[in-house]
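Subject: Handover of a structure and notes on its contents

Dear colleague,

Please find below the structure that I am handing over to you. My notes on it follow directly after.

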Amino acid sequence: MSKSLSKRTSKATTKSKSQRNSSTQQTSDEEPTIAKPMTRVVAILYDGMLILALLFLVGTILVVLGTLMTMNSGVDSSQAESLPTWYQNLIMTPSFVLTLVGFYGIFWRRGGQTLGMQTWRLKTVNNAGYLLTWGQSFKRILAACLMPLLFGIIGSLIGGSRQILLTSALLGFIFNYAFCLFNRRGLAVQDMLSNTITLKMPKVAHEGLWKGFKNRKKNN
């Protein structure tokens, strides 16, 4: 009788410990963590395809408009010259920048997630845990472009060719996320410079992008 009771008590204790361990593990899994660099890069690659499509569309529209505005009447396409430098620098370049800022700004302000970030359950917020404002979004984008720009300038001074320039800018982009490996908190360069952070959200607390849009509209 005592042996039977001892076995039951032992099983109950083991089961209780197992439940506590499971509960503790579940609680830790439900807490957001700082996103790993590789996960963030993969999400950017997802978004990159959509961004390239948007930039191509904007570029095509601007080239057509610029050609109509600057090409002399009666000149056919074979005689058309390239768009003026002033049009490229004052119209096209700012339009590309605004497209990039608008893409990230709209998604970050509404739900903290782009389409690529939603796939990997990533969410960008400020240090207080709130969604970014337009100013914070713009600051984060500029911070993310700083290292590629600096590396690109160094590359142009070293070689000057377009290939070296692009390679240097790519190295600057990689440096942004390689910095996470050496930072004590695992922050990227743009996180530190803009006082924002990208989190890996748990499945329990993860909110879909479109649901985030709806909730934001209700709150407004």
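How many helices and strands does the protein chain have? The protein chain has 8 helices and 3 strands, where helices (H or I, at least four residues) and strands (E, at least two) are DSSP runs, numbered from the N terminus. Along the sequence, these elements follow the pattern α-β-α-α-α-β-α-α-α-β-α.

Two remarks on the basis of these notes are needed. The model is predicted, so local features need pLDDT of at least 70 and side-chain atom pairs count only at pLDDT 80 or more, while totals for chains, interfaces and linings use all residues. Residues are numbered from 1 along each chain as its sequence is written, and side-chain values use heavy atoms, with hydrogens and water left out.

The chain as a whole

Of the 220 residues of the protein chain, 29% count as buried. Here buried means under 20% relative accessible area, exposed means over 50%, and partly exposed lies in between (1.4 Å probe, protein chains only). Among the contacts in the protein chain with a separation of 6 or more, 69% are accounted for by residues 24 or more positions apart; contact means heavy atoms within 4.5 Å.

Packing of the helices

Two packed helices are described by the angle between their axes and the distance between the axes. The axes are lines fitted to C-alpha atoms, for helices over the stretch in contact, and the angles run from 0 to 180 degrees between N-to-C directions.

Helices α2 and α3 pack at an angle of about 150 degrees, and their axes are 10 Å apart. That angle makes α2 roughly antiparallel to α3, since angles under 35 degrees count as roughly parallel, over 145 as roughly antiparallel, 65 to 115 as roughly perpendicular and the rest as oblique. The crossing of α2 and α3 is right-handed; a crossing is right-handed if the near helix is turned clockwise from the far one by less than a right angle, and left-handed if anticlockwise. The residues in the contact of α2 with α3 divide into 17 nonpolar, 5 polar and 1 charged. In this division, Ala, Val, Leu, Ile, Met, Phe, Trp, Tyr, Cys and Pro count as nonpolar, Asp, Glu, Lys and Arg as charged, and the others, Gly among them, as polar.

Helix α3 (residues 85-110) also packs against α5, at an angle of about 130 degrees and with the axes 9 Å apart. Helix α3 is therefore oblique to α5. The crossing of α3 and α5 is right-handed. On the α3 side, the contact is made by L100, V101, G102, Y104, G105, I106, W108 and R109, and on the α5 side by W134, S137, F138, R140 and I141. The residues of this contact divide into 8 nonpolar, 3 polar and 2 charged.

Helix α6

The 17 residues of helix α6 (residues 162-178) should span 24 Å at 1.5 Å a residue, and the end C-alpha atoms are 24 Å apart, which agrees. The expected span is 1.5 Å times one less than the number of residues. In α6, S168, G172, N176 and Y177 are buried. The buried residues of α6 pack against α2, α5 (134-158) and α7 (189-194).

L54 is placed in helix α2 (residues 37-70) and is partly exposed, with a relative accessible area of 31%. Its C-alpha atom is 9.1 Å from that of F96, although L54 and F96 are 42 residues apart in sequence. Beyond its neighbours within four places in sequence, L54 is in contact with T99 and F103.

V42 is also found in helix α2 and, at 24% relative accessibility, counts as partly exposed. V42 and M117 are 75 residues apart in sequence and 8.9 Å apart in space, C-alpha to C-alpha.

Residues in loops

W120 is in the loop between α4 and β2, and its relative accessibility of 31% makes W120 partly exposed. Leaving aside its neighbours within four places in sequence, W120 is in contact with T39, V42, A43, Y46 and K200.

Most residues other than glycine have a negative phi. Which phi value does R121 have? R121 has a positive phi of about 55 degrees although it is not a glycine. R121 lies in the loop between α4 (115-119) and β2 (122-126). N195, in the loop between α7 and β3 (196-200), has a positive phi near 55 degrees and is likewise a residue other than glycine.

Yours sincerely
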